[in-house]
Amino acid sequence: MRRQLQSSRAVQSSRALRSTHERAIAVTAAFALAATGAIAALAPPAQANAAAKAVAANPVSVSVDAALQLATVPATGVGVNIPVYDAAMNSAATPGLLSTAGFNAVRYPGGSHSDVYHWQTGTAEGGAYVAPNTGFDAFMGTVRAAGAQPIITVNYGSGTAQEAAAWVRYANVTKSDDVKYWEIGNEVYGNGEYGADWEYDTHSSKSATTYANNLVQYVSAMKAADPSVKIGAVLTTPGYWPDGMIGPGDTMDWNHTVLSIAGTKIDFAIVHAYPTSTSPADLLTKPQAQNPAIASTVRSLINQYAGTNAPNVGIAVTEANAQAYLDTSPNGLFAPDNYLTWLENGAFNVDWWDLRNGTDCSKVTTVEGATDYNDGGMVSSGSPCEPAANTPFPAYYGIQMISKLGAPGDTLVKAASSSSLLSAHAVRRADGDVDVMLINRDPNNAATVNLSYSGFTPSGATPTVHSYLKNARAITSAQSGSPTAQTVPAYGITVVQMHPTAAPCRVVYNKNEWSGVMVGNLTVVNNSLGQVNGWSLGFNFPGDNSITNTWNASVTQSGTGINAANVSYDAAVPQGGSVQWGFRATWSSSDANPSAFWFNGASCAIG
């Protein structure tokens with residue numbers, strides 16, 4: 001029995017909230033969103049009070065396993081929605097807002113508007129508001145200027161497979177825009193099939209079976225226009241309403257029905273997540289409490305129904321946000337924790353709802369010493385009660401901190417915290433550096449953090465530290481602390497950037513593990529040993545690994561001791577060059593990382 005994370009009433013309240021936001025932004029568009037210009041230059045507030053906070057009595061331990069790979073940072077990982085009712089979508093300010101925050105994906109034409117929007121005419125069903133200058137070509141100009149990729153949601157509610165295929169053909173054949181990712185509809189399960197009807201749908205049948213059969217037609221037509229496109233199917237979010245419900249005309253719930261019919265045809269599965277919370281503290285537990293379980297369930301469904309193509313089917317979270325504390329420090333902490341936890345658990349895309357949203361100013365409150373306008377956007381729309389248009393809210397800065405941690409192509413690795421009030425994430429960069437993000441969820445006390453490393457040896461140099469502090473209006477950078485000790489202010493986010501120690505050689509040890517089996521891949525870098533003609537690498541397993549096969553090396557094992565030697569084609573390693581080899585091993589009690597390596601007798605740095 002699935003754990004119910006959110007009641008149907010709560011979900012409908014969530015949708016009503018978003019509908020209010022959509023109406024609010026249309027109302028304010030004429031006088032607020034037309035504003036252009038850079039982000040308002042605002043001086044950071046005084047932080048003396050943060051310095052005066054007592055440091056927690058018990059230090060927090062954070063361990064980083066730089067060899068245990070969780071995921072590669074995807075090229076489309078950090079995304080955002082921009083809907084066609086945002087009159088400032090293509091203003092001069094938008095590309096800078098996107099690129100400064102590090103967004104590399106932008107979803108269009110926006111939420112439920114997608115199912116009423118006709119791209120060829122730039123109009124929407126039922127008189128839904130579409131702002132001027134928000135057509136597809138103008139949108140693409142903004143996305144390209146920001147260095148991002150588009151994610152397009154085609155009209156399922158009032159459109160056709162032929163209309164969608166024409167969009168693919170125009171974008172990728174006529175215009176050579178190379179739009180890779182396409183969704184078929186938005187939250188289609190909200191079409192009345194389960195009693196709630198926020199999503200526009202003109203089909204006579206609203207069932208999951210109808211959606212799945214039509215989805216197959218969309219896939220066929222769109223891939224006929226461009227076989228390279230990736231197409232996603234709308235799923236209900238596991239644990240959220242209406243997950244598990246069986247609607248009229250179906251014999252299974254939405255997810256099982258859709259994937260049983262279309263699972264072998266799609267390229268990714270789509271979920272949306274707006275966790276409810278009873279307090280700021282409760283909100284900040286949601287990334288770890290919910291995201292891994294949701295991702296695991298979706299992956300299991302994909303494996304069940306996608307056949308041999310299952311490993312190639314991705315997971316996209318194309319709408320994500322909180323439902324409360326939207327413009328204040330709790331959401332600034334929640335945002336990066338939420339993104340990174342999704343990415344660590346296999347999502348290739350997470351899109352915040354949204355860049356600008358708007359508010360009707362009816363629910364203005366104070367949260368943690370700052371004003372919450374009940375605006376789901378990351379920057380102000382300039383509504384009458386808000387700061388100047390394009391002023392960032394804390395979620396914007398929190399997401400910007402992700403770009404300080406890593407970049408697409410880097411590797412998310414395991415980081416574990418001993419405290420429920422401190423989240424930790426780590427990235428091993430392509431150049432061997434390791435960066436760690438520390439998120440202090442305690443609103444009152446600074447955290448003293450002791451860091452330890454496996455699979456990486458940091459240099460003794462003072463690291464570069466990027467910080468976003470409670471209610472601040474800027475990210476600061478300085479050299480402070482050490483690779484093994486940092487202090488994170490109350491409700492603060494810190495990214496610590498570290499270089500590996502200098503040594504004659506360096507070993508990057510990567511592993512992927514599952515029950516009883518692991519695969520290790522090693523890269524040995526010759527820093528200063530001159531030209532090497534013939535090599536050996538020695539190390540000891542701390543656990544009970546038993547190597548069963550290898551590649552690119554001749555390996556002998558005696559107990560826990562390993563000696564790997566070159567084969568005929570990789571004996572030469574010039575100074576500054578590297579050699580790669582790997583192995584598969586079994587284990588039962590532990591597959592801990594080796595703590596030392598010797599390359600031709602020289603002791604190597606790790607990481």
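Predicted model: local features only at pLDDT ≥ 70, side-chain atom pairs only at ≥ 80, totals over all residues.
Thr72 stands opposite Thr411 in strand S14. Strand S1 covers residues 60-72 and strand S14 residues 411-417; the two pair in the antiparallel sense over 7 bridges. S1 also pairs with strand S17, residues 447-454. Here the sense is parallel, over 6 bridges. Within that pairing, Ser63 stands opposite Ser452 of S17.

The largest nonpolar core counts 119 residues, and Trp182 and Tyr211 touch the most other members. Helix H6, residues 208-225, gives the most to this core, with 9 residues. Nonpolar side chains tend to be buried together in soluble globular proteins. What does Tyr211 contact, leaving aside its neighbours within four places in sequence? The partners are Tyr156, Ile184, Val188, Gly232, Ala233, Val234, Trp254 and Val258. Another core lies apart from the largest one. This other core has 26 residues, among them Tyr509, Val524, Val532 and Ile606.

Now turn to an open sheet of 5 strands. Their order is S27-S28-S25-S31-S32, and the pairing is antiparallel. Strand S27 (554-558) and strand S32 (602-603) stand at the edges. Each has a single partner strand, so one side of each is left without a neighbour in the sheet. Further in, strand S25 (residues 536-540) pairs with strand S28 (residues 561-565) in the antiparallel sense, over 5 bridges. Phe539 stands opposite Ile562 in S28. In a regular strand the side chains alternate between the two faces of the sheet.

Phe539 leads on to Trp598. Trp598 has its place in strand S31, residues 597-599. Along the chain, Trp598 and Phe539 are 59 residues apart, yet their C-alpha atoms are separated by 6.6 Å. Not counting residues up to four places away in sequence, Trp598 touches Ser536, Leu537, Gly538, Phe539, Asn540, Ser603 and Cys604. Is Trp598 buried, partly exposed or exposed? Its relative accessibility is 35%, so Trp598 counts as partly exposed.

A disulfide is a covalent bond between the sulfur atoms of two cysteines. The structure holds 2 disulfides. With the bonded cysteines numbered in sequence order, the pairing is 1-2, 3-4.

The link of Cys361 and Cys385 is left-handed, with -85° about the S-S bond. Cys361 lies in the loop between strand S11 (347-352) and strand S12 (365-367). Cys385 lies in the loop between strand S13 (370-372) and helix H11 (394-405). The pair therefore ties together parts that are 24 residues apart in sequence. Cys361 counts as partly exposed because its relative accessibility is 25%. Cys385 is also partly exposed, at 28%.

Cys505 and Cys604 form a disulfide too, their sulfur atoms 2.0 Å apart. Their link is left-handed, with -95° about the S-S bond. The pair links distant parts of the chain, 99 residues apart. Cys505 sits in strand S22 (residues 505-514), and Cys604 in the loop between S32 and strand S33 (605-606). Are these two cysteines buried or exposed? Cys505 has 0% relative accessibility, so Cys505 counts as buried. Cys604 is buried as well, with a relative accessible area of 8%.

Terms used:
Residues numbered from 1 in each chain as written. Heavy atoms only, no water. Pairing = 2+ DSSP bridges. Helix = DSSP H or I, 4+ residues; strand = E, 2+ residues; numbered from the N terminus. Core = buried A, V, L, I, M, F, W, Y, C linked by side-chain atoms within 4.5 Å. Buried < 20%, exposed > 50% of the residue type's maximum accessible area, 1.4 Å probe, protein only. Contact = heavy atoms within 4.5 Å. Disulfide = S-S within 2.5 Å.
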